[in-house]
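Here is a short report on salt bridges and the parts of the chain they connect. Please have the model open as you read.

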Amino acid sequence: MQNSNFRHLLLGFSMMIILFTVSCTATNVSTKSDGTSIPTDKKWSERMALTLMKQYPQAYQLDDKTEPKWDYVHGLVMTGFEKLYKKTKDQKYYDYVKGYADATIDENGKIPSYKFENYNIDMIEAGNILFDLYDKTKEQKYLTAMQTLRSQLETHPRTTEGGFWHKKIYPNQMWLDGLFMGAPFYAHYTSKFEGGKNLNDVALQFEIIQKHLVDPKTGLLFHGWDESRKMDWANKQTGTSPNFWSRSLGWYTMALVDALDYFPKDHPKRAELISYLNSTSKAIAKYQDPTGLWYQVTDKGNQGGNYLEATGSAMFVYAFAKGANKGYLSKEYKNLAVKGFDGLIKNLVKVSPDGSVTITEACAVAGLGGTPYRDGSFEYYVNEKKKDNDPKATGPFILAALELNK
């Protein structure tokens, strides 16, 4: 009897040791710096970057690509890595960015996957990462690639008032997306290499958007505008698309805060751009959900099928935080940004046992027209597919975290 009790006691003690060991292992698995896990004591900006590097050892593999492609989503995320390197001085982040550039640009400065003749404004965006690479390395190929992208803007088709078409295949159309794709690069290039002579042309792009896409009732901006009014999605009187898409508004506000980096304080157009940022931000802030997030279709939070969406929310957080940090926006927007970032972490971010960070509820893609036809309806936007850790969420998340020091 005594032996039996002793055995039970010994067995119970052994089980306690095992459970204690398993518990400790589970608790610490994500804090080990052994190259296979993501340290949870780092800031969210690094945790996301390390997650992406773990999933995509080569930067060109982002967005599940199997071969190098020059693309705006890579440029967006690489800009986050570039700023992360400046903040941390950790060489691996710089190497990741350079690895993308070297995988997509040959030794002569040609970008094999880029087609100049398509006149796609999206293809300009990744050029933003080349300025620092050229400054640091002085490699001619980076300058040549930048010059190629700049030359696209020289002959890029325009509306009658001078606004860049979104793409050659979308004639007479300007989308909010296109401002982020072209304006910051254009502003940086003309400031750095042309003495700023074309900053007025950069400002013109925003002026045309403000003239044609602002809704007088809400202050929000419609996703797209067709000067010809020929598209089925275009309002026959105004040319605008029918709904407000948060990510497109995110592209626009990010375009403003990033392009403003290159407008000197005495430039006559600077105050104008800041006023656009303020009016647009004021309208967007009205639709921030109590969670701190924003809906896919910005102004229809109560309509069935709509959802709190990650990419637009992360972009607003970045634009509000940077705008406030730079003094373009009042300090209250920094508070709104913090609320938004906390909302992302609480509601849309998941952390795996290995410490990997995943952003959920991210709209993968949305547009207007094309084949199959995209009509810009509420039903269209809320039914487009979602993708966890879509680059259009992870890039702005890193940028937002850096602005908020989180």
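## Lys54 and Asp354

Lys54 is partly exposed, at 36% relative accessibility (buried is under 20% relative accessible area, exposed over 50%, partly exposed in between; 1.4 Å probe, protein chains only). Asp354 is partly exposed too, at 24%.

Their side chains form a salt bridge at 2.4 Å, N to O (a side-chain nitrogen of Lys or Arg within 4 Å of a carboxyl oxygen of Asp or Glu). This pair links distant parts of the chain, 300 residues apart. Lys54 sits in helix H2 (residues 44-55), and Asp354 in the loop between strand S5 (349-351) and strand S6 (357-359). Helices (H or I, at least four residues) and strands (E, at least two) are DSSP runs, numbered from the N terminus.

## Basis of the model

This is a predicted model: local features need pLDDT of at least 70, side-chain atom pairs count only at pLDDT 80 or more, and totals for chains, interfaces and linings use all residues. Residues are numbered from 1 along each chain as its sequence is written, and side-chain values use heavy atoms, leaving out hydrogens and water.

## Lys387 and its partners

Lys387 is partly exposed, at 22%. The side chain of Lys387 meets that of Asp63 in a salt bridge (2.8 Å, N to O). Asp63 lies in the loop between H2 and helix H3 (72-88), and Lys387 in the loop between helix H13 (378-383) and helix H14 (391-404), so the bridge ties together parts 324 residues apart in sequence. Asp63 is buried, at 17%.

Lys387 also bridges to Asp64, at 2.9 Å, N to O. That pair ties together parts 323 residues apart in sequence. Asp64 is partly exposed, at 45%.

## Network and total

Salt bridges with shared partners join Lys98, Asp102, Glu107, Glu139 and Lys141 into one network. The structure holds 26 salt bridges.
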